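Work through the exercises below with the sequence and the coordinates open. Try each task before reading its solution.

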Amino acid sequence: MSSDLHNPRLESPMNDVLKNIYSRRSVRDYLPDDVPDEVIRELIRAGTYAPSAANKKPWRFVVIKNRELMNKLSDKAKELWIELDVKSSNPELIALANMVSRPGFNIFFNAPLLIMIFSDPDAFSPQIDCALAAENMMLAARSLGIGSCWIGLGAPLGQVQAVMDDLGVPHACKLVGCLIFSYPVKLDQKAPKRDENVVLKWIS
């Protein structure tokens, strides 16, 4: 067992859930192979097993395998980020706009599968609930040998009603996250070092 997956303080060998959590990475380099529909359904099923406030289960999913549409959405998102850059003096925002302006840059990293998570308006904490669903999906993907990444650059798409109309999303639903999935060129990426000094207070 690799050292980055082993905690010597555990009395028993690490179970598969912990291995998945500690080995999941944001993947941005994918093989061109399509993810089978039955696997996509399994990822969504895993998402629906996330907890939600008052058991509202507010998540709604749009599955996109059409690469032409994904390229179109990427171009629109890049356009929106560049427009924000023109109005901003924030150096981080300017850096993002410069990144997306690079020729050929695709915010979805040319992955063959995009799943957009929307929240139903009838929920107490839709952002939290949908984020929990997304993490379930990414961990499920890892267990199946599939890479994933939450694409924050896709967030502005939710503010464009024409885009939502094209996707057939009801007006009341809000975009929470864009996730990409597929088989990674390199599945076992090395984990960056984690800061273990994150507990503010331990009260017994």
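This is a predicted model: local features need pLDDT of at least 70, side-chain atom pairs count only at pLDDT 80 or more; totals for chains, interfaces and linings use all residues.

**Exercise 1. List buried residues of helix α5, then find what covers them.**

Step 1. Residues are numbered from 1 along each chain as its sequence is written, and side-chain values use heavy atoms, with hydrogens and water left out.

Step 2. Apply the burial cut-off: buried means under 20% relative accessible area, exposed over 50%, partly exposed in between (1.4 Å probe, protein chains only). In α5 the buried residues are Asp-129, Cys-130, Ala-133, Ala-134, Met-137, Met-138, Leu-139, Ala-140, Ala-141 and Arg-142. Helices here are DSSP runs of H or I with at least four residues, strands are runs of E with at least two, and both are numbered from the N terminus.

Step 3. Look for the cover, taking contact as heavy atoms within 4.5 Å. The cover includes α1 (16–23), α2, β1, β2, β3 and β4.

Step 4. Check the helix length. α5 has 18 residues and spans 26 Å from first to last C-alpha, close to the 26 Å expected at 1.5 Å a residue. The expected span is 1.5 Å times one less than the number of residues. Just after α5, Gly-145 has a positive phi of about 75 degrees.

**Exercise 2. Give the strand order of the sheet and place the helices on it.**

Step 1. Pair the strands; a pair needs at least two DSSP bridges. The four strands make an open, antiparallel sheet in the order β1-β2-β4-β3. β1 (59–64) and β3 (147–150) are the edge strands, each pairing on one side only.

Step 2. Count bridges. β1 and β2 (residues 113–119) share six; β2 and β4 share seven.

Step 3. Read off partners. Trp-59 stands opposite Ser-119. Val-62 has Met-116 as its bridge partner. Leu-113 is bridged to Phe-181 in β4.

Step 4. Axes are lines fitted to C-alpha atoms, for helices over the stretch in contact, and angles run from 0 to 180 degrees between N-to-C directions. α2 (residues 37–48) lies across β1, β2 and β4 (174–182), at about 165 degrees to β1. α5 (residues 126–143) lies across β1, β2, β3 and β4, at about 5 degrees to β4.

**Exercise 3. How many residues of β2 are buried, and on which faces?**

Step 1. Seven of the seven residues are buried, so β2 is largely enclosed by the rest of the structure.

Step 2. Trace the cores. A nonpolar core is a set of buried Ala, Val, Leu, Ile, Met, Phe, Trp, Tyr and Cys residues joined through side-chain atoms within 4.5 Å. The largest has 31 residues, with most contacts made by Phe-108, Leu-114 and Met-116. Its largest share, five residues, comes from α3. A second, separate core of 22 residues includes Ile-40, Leu-43, Ile-115 and Met-137.
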